[in-house]
Amino acid sequence: MRESLEIKGNVSLVLRDESGRFKARRVIHNTVPANGLAHVADRLSASPGQAAMGWMAVGTGTPSATLLGTELDRNALTSCTDAGAVVTYVGDWAAGDGTGALTEAGIFNVVTAATITMLCSASFTAVNKLAADTLKITWTLTLS
């Protein structure tokens with residue numbers, strides 16, 4: 001019998017140019033801060049007090065335990081699916097959206113508010129998203 005719960009996450013970032021050609025890819029592990037774990041516990045309760053995760057953000061800094069260091073852009077999730085103990089979040093950035101030397105990403109439960117919760121975050125070497133580029137981030141969390 002297991003007496004602990006772990007959340008392991010992998011993040012895949014795929015950058016494409018204006019013609020859809022592959023430009024860059026990063027695959028990294030994520031960090032789940034204490035407030036992300038508290039969010040999971042809250043959502044397991046009969047009456048959750050926190051909103052479900054619905055947003056993904058990118059930035060040009062380094063994440064703290066609660067927010068991205070230098071958030072550049074936040075978008076509603078393209079999709080969120082679950083299969084067994086695996087939850088997959090997808091976020092898309094269109095041309096002209098979230099442009100810059102991206103080095104961080106995170107998943108959030110609201111777009112902006114004093115009660116915002118970051119479920120998880122990731123830091124990575126710069127992905128240089130130009131104005132004509134598109135970016136897809138696929139975040140896979142496995143609970144074990």
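Q: Which residues lie nearest the centre of the largest pocket, and how many residues line the pocket?

A: A pocket is found on a 1 Å grid over the protein atoms alone, as an open set of points where a 1.4 Å probe fits, with protein on both sides within 12 Å along at least five of seven lines; lining residues have an atom within 4 Å of a point. In this predicted model, 15 residues line the largest pocket, and His39, Val40, Val87, Tyr89 and Leu119 lie nearest its centre. Residues are numbered from 1 along each chain as its sequence is written, and side-chain values use heavy atoms, with hydrogens and water left out. Because the model is predicted, local features need pLDDT of at least 70 and side-chain atom pairs count only at pLDDT 80 or more, whereas totals for chains, interfaces and linings use all residues.

Q: What is the volume of the largest pocket?

A: A volume is the space filled by probe spheres set on the grid points, which are joined across faces, edges and corners. For the largest pocket the value is about 270 Å³.

Q: Which element gives the most to the lining of the largest pocket?

A: Helices (H or I, at least four residues) and strands (E, at least two) are DSSP runs, numbered from the N terminus. Helix 1 gives the most, with four residues. At least two lining residues each come from helix 1 (34-44), strand 5 (79-83), strand 6 (86-93) and strand 9 (134-143).

Q: How many residues of the lining of the largest pocket are nonpolar, polar and charged?

A: Ala, Val, Leu, Ile, Met, Phe, Trp, Tyr, Cys and Pro count as nonpolar, Asp, Glu, Lys and Arg as charged, and the others, Gly among them, as polar. Here the lining holds eleven nonpolar, two polar and two charged residues.

Q: Where in the protein is confidence lowest, and where is it highest?

A: pLDDT is the predictor's confidence in each residue, from 0 to 100. Where pLDDT is low, the predicted coordinates should not be read in detail. The protein has a mean pLDDT of 93, and 99% of its residues reach 70 or more. Confidence is lowest in helix 1, with a mean of 87, and highest in strand 6, at 98.

Q: Which residues of the largest nonpolar core touch the most other members?

A: A nonpolar core is a set of buried Ala, Val, Leu, Ile, Met, Phe, Trp, Tyr and Cys residues joined through side-chain atoms within 4.5 Å. The largest such core has 26 residues, of which Met56, Tyr89, Ile107, Leu119, Leu135, Ile137 and Trp139 touch the most other members. Elements that give two or more residues to this core include strand 1 (7-16), strand 2 (22-29) and strand 3 (55-59). Strand 8 supplies its largest share, five residues. Another core, of six residues, lies apart from it and includes Phe108, Val110, Ile116 and Met118.

Q: Is Tyr89 buried or exposed?

A: Buried means under 20% relative accessible area, exposed over 50%, and partly exposed in between (1.4 Å probe, protein chains only). Tyr89, found in strand 6, counts as buried at 8% relative accessibility. Its C-alpha atom is separated by 5.0 Å from that of Trp139, 50 residues apart along the chain.

Q: Why does Ser47 count as exposed?

A: Ser47 counts as exposed because its relative accessible area is 62%. Ser47 is placed in the loop between helix 1 and strand 3.

Q: With which side chain does the side chain of Asn75 make a polar contact?

A: A polar contact is a pair of N or O atoms within 3.5 Å; within protein, one must be able to donate a hydrogen and the other to accept it, and residues adjacent in sequence count only if both atoms are side-chain atoms. The partner of Asn75 is the side chain of Asp97, at 2.8 Å. Asn75 belongs to strand 4 (residues 71-76) and is buried, with a relative accessible area of 14%.
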